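Please look through the sequence and the model before reading on.

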Amino acid sequence: MRHVAQCLVALWSLAQTPPAADEFAKAVTELASRDRKVQEAAIETLGRLRDSRALAPLTALRQGTLFLRGDVLVIVPTEKEKKVFLKDGTELAPLTEALSGKPIAGPDGRPAMIDVSSLKRVVATNALKQKIVPVLSSLSLASPDPDARKSAAGRMGEDRAPESIPLLQAAMAQERDRWVRQAMDEAIQMIRLGDASASVRKEAARRLGEISGSNAVPQMKQMLSTEKDPAVMDALKAALKDIESHESLTQTVSTSFEVLSLSSVLMMIALGLAITFGVMGVINMAHGEMLMIGAYAAYSVQNLFQAVLPGHYDWYFVVAIPVSFLAAASMGMLIERTLLQRLYGRPLESMLATWGISLMLQQLVRSIYGAANVDIKSPSYLSGGLQVMSGLTLSYNRIFIFGFSFCCLLGIYLLLYRSSIGLRIRAVVQNRSMSACLGVATGRVDALTFAIGAGVAGMAGCALSQLGTVGPGLGQTYIVDAFMVVVLGGVGKLLGTVVAAFGIGGVNKILESMIGSALPKWGPILSKVAVLVLLILLLQKKPSGLFAIKGRHADA
Amino acid sequence: MQTPDPSTLPLWRRLHTPTQWIVVAALAFLVIVVVPLLNSAVPPSSPFHLSDFQVTLFGKYLTYAILALGMDLLWGYTGILSLGQGVFFALGGYCMGMYLMLHIGLEGQYHNELPDFMVFLNWPKLPWYWPPFRSFGFASLAAVGVPTLFAAGFGFLAFRSRIRGVYLSIITQALTYALMLLFFLNELGLGGNNGLTDYKTIAGYRLKEMSTLRGLYVASGIVLLLSYIACRWITRSKLGRVLEAIRDGENRVRFSGYSPVGFKLFVFVAAAGIAGIAGALYVPQVGIINPSRLDPAESIEVAIWVAVGGRGTLVGAVLGSLVVNGLKSWLTNKYPGSWLYVLGAVFVGVVMLLPDGLVSLPRRLWAGWKKLAPRAPMYLPTVTVAKEKEQSA
């Protein structure tokens, strides 16, 4: 959100500069001049004006894609897929006006495809192109997009041109984003590392260690062999050590964050499984396919929005969450009413029947959507990430999933413990026959719990679609882990599922990195085997899971 | 069929009535003698001729039938739905595969003493666990020994902590999944993704020769017959009675003073051993063993073979594995996209409509014909309040 606000501020400040507008337009037009001197002056003016609109024409001039169409300066896109090539060699391309940045429309109001050979290329000599480079960098430093500013600073640091220092310092003074400021600082210090004076080099190394400038590591390591001054040498070593320890810290934090978000998905999957298992004693082998249905529902909603409401694309995700819940829940309800209801009291047969369902659902999805994985594009508010430390960005996707799964957990908690239907569900879990005697419609409770469990899995699938591609085998990748969570967590207590999900997710990852450091290729697989062995050993002590309901059951 | 006091009868009479023995002998003769003769002695022009492909396909089905026998012992008679029988099958198969790999000799792609995949991975010599498999005797022993030892260790831990029912199914499935991942690793030294393949000879006989394959086919048939008799013997003995009692009410067995752990462990290990033998016979006939045999889906399929034929009847297990696999071969050939739908429908349909399997079909048809009351359920269902109400009403 902060980025959005900054963009707005930047755009607003751009709009606030009308006096320079004429000068800007004049300079852009002069780029097309045949006189090299005039071109040079125009480039300098554009650099001085610091108007980021100049980025496009300058880049185009450097790449040779700036053209004159009559008197109007236009830009031809570099991407081949935007162009059309006719058989006779004619090249048609949509053009954008260099000054306004707007596409040139044809008579029908849509972007016109114009024959490139009818345009006149604006020529720039190599010397002129060299002049453009620093202007482009400094303009990028003023770009409204913080990521562009950051990468511009990074490029300047890599180039190590001492004349960039004042530019960077000026930009830094105006910069509001902490992380961009840090990137600029890092670039300045990287340039200073090459300074003739030993004290400047030493100070730069010290500062880089302080701000954990990891981009400078290759340069500093190289300096270790060339540096003569012992004081600088010490500073370099100390700085490298600081950066290294910072990097291992960010590594740990980002891994644990990843584990947390994946475990929370696992938790959402296992919650539904555990509830249905608790109520009906049935393991739904098609539970993974509920996940898949949720993900494909999100995909369909996305496609629908692309086709019907392209302007409101970002809203698709808001719609996709309830849709995926409903899709999976109604499928769950259908399975329960048609199959499981008739198989009551035969858990093993129910398991096989749901396996059959899962095979059919997978094949069905293959016939409808194709066997290949499909891609789901995150809405703009979920792309990107939140930078919390230097070198550590937590993606909004994962933060969202983490929060979302806990909202689901809270919802289920409220449903189970604070509603009358929850009371009935818990009664059936404890003693089905007695509940039936007391007037609980156990059949209806079964159907409802099954639908809710499936629906939660559907939402988990919708959330998962933001993390990677979606394919017909999506359910199978998570389901074995989810089963283990249910076995470990025991039945009937939400806390068991939560602890088991994060326990299995966390132990898996920890073992993976531990084994991985000793035997590189074995890590991911042996950790899975080890988790299973640990689970079996744990069941020796706690046969019905970590948090089983205590009671006098002869037959669980 | 139950005689008043079976224990007074001789062993062979306890297993089957004379009529039944005649049927068994006739079927065995058909499978073990007639089918190979139809391939070797009948000219290809005759409509009764069986092609080489058909015979080896049949041989593969026979090994599946052996695997199903073990599964039936486990699930049909003892009520343990293990979703990991594919593990023991694959372990037996890998043991045989290692023997076959070592006897490719210099005929491999790289003309090296080492198996091709090791040459490819630049391994200087065989890992320590490979050389013993040069001996056919050791490999055959290992094909039974490795699965049984593994099953004994796993089963001991599982049954001791009273993991049963759905829990046991899930744990065995997780085990299968974990082992599949493990066998995919090249570093395990068992061929990784590609598995073990490209065999040339078995015990000195060329695997390309039809006579060798016929021999393997006959061996599978004989092993199937022997396994059937052994399983029949187990189920007709007192041990078998205890197993069925465990299936129908484990706690009652426990309350009667028996410890189910030993019985369950025995049957789990026996089923694993049978699966290992089946795997060892499967590999030379099919010519490859790779981690896809460890896919959890393959193991669940074994359960459906047994369910289709009829649980708790050994004949049903054999019949089911032949029917389902025959259907699979035919459908994947004819309508490639349809198999998973059909398989899924078979899972659902058998469980819903034909819980006692194909074996019960004649009886049910007969019962339907005579408009008799619905058959008695094979399992004692958990008595629910609703049912009791019905009965008292």
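What percentage of the 556 residues in chain A do buried residues make up? They make up 41%, where a residue is buried if 20 or more other C-beta atoms, placed from the backbone, lie within 10 Å of its own, exposed if 12 or fewer do, and partly exposed in between. This is a predicted model, in which local features need pLDDT of at least 70 and side-chain atom pairs count only at pLDDT 80 or more, while totals for chains, interfaces and linings use all residues. Residues are numbered from 1 along each chain as its sequence is written, and chains are lettered from A and ligands numbered from 1 in the order in which they are written.

**Overall form of chain A**

- Chain A contains 21 helices and nine strands; these are DSSP runs numbered from the N terminus, with helices being H or I of at least four residues and strands being E of at least two.
- The radius of gyration of chain A, taken over C-alpha atoms, is 31 Å, well over the 24 Å that the globule rule gives for 556 residues, so chain A is more spread out than a compact globule. The globule rule is 2.2 Å times the number of residues to the power 0.38.
- Along the principal axes, the C-alpha atoms of chain A fill a box of roughly 95 × 70 × 45 Å.
- Among the contacts in chain A with a separation of 6 or more, 68% are between residues 24 or more positions apart; two residues are in contact if their C-beta atoms, placed from the backbone, lie within 7 Å.
- Chain A is divided into domain 1 (2–128), domain 2 (157–228) and domain 3 (254–541), with bounds from an automatic or database domain assignment. The C-alpha centres of domain 1 and domain 3 of chain A are 50 Å apart.

**Strand pairing in chain A**

- Four strands of chain A form an open sheet in the order 5-2-1-7, with antiparallel pairing; two strands pair if DSSP finds at least two bridges between them.
- Strand 5 (96–97) and strand 7 (120–121) of chain A stand at the edges, each with a single partner strand, so one side of each has no neighbour in the sheet.
- Two bridges link strand 1 (residues 66–69) and strand 7 of chain A in the antiparallel sense, and A:Leu68 has A:Lys120 in strand 7 as its bridge partner.
- Helix 4 (residues 55–63) of chain A packs on this sheet, where it touches strand 1 and strand 2 (72–75) of chain A.
- Strand 3 (residues 84–85) and strand 4 (residues 91–94) of chain A run antiparallel and are joined by two bridges. Their hairpin has five residues between the strands, and A:Gly89 takes a positive phi near 90° there.
- Strand 4 of chain A is also joined by three bridges to strand 6 (residues 113–115) of chain A, again antiparallel, and A:Ala93 stands opposite A:Ile114 in strand 6.

**The contact between the chains**

- Chain B contributes 43 residues to the contact and chain A contributes 37 residues.
- Helix 7 of chain B gives the most to the side of chain B that touches chain A, with 13 residues.
- That side of chain B divides into 32 nonpolar, eight polar and three charged residues. Ala, Val, Leu, Ile, Met, Phe, Trp, Tyr, Cys and Pro count as nonpolar, Asp, Glu, Lys and Arg as charged, and the others, Gly among them, as polar.

**A loop residue in chain B**

- B:Leu126 lies in the loop between helix 5 (116–120) and helix 6 of chain B, and counts as partly exposed with 18 C-beta neighbours inside 10 Å.
- Not counting residues up to four places away in sequence, B:Leu126 touches B:Leu114 and B:Pro131.

Note on methods: Axes are lines fitted to C-alpha atoms, for helices over the stretch in contact, and angles run from 0 to 180 degrees between N-to-C directions.
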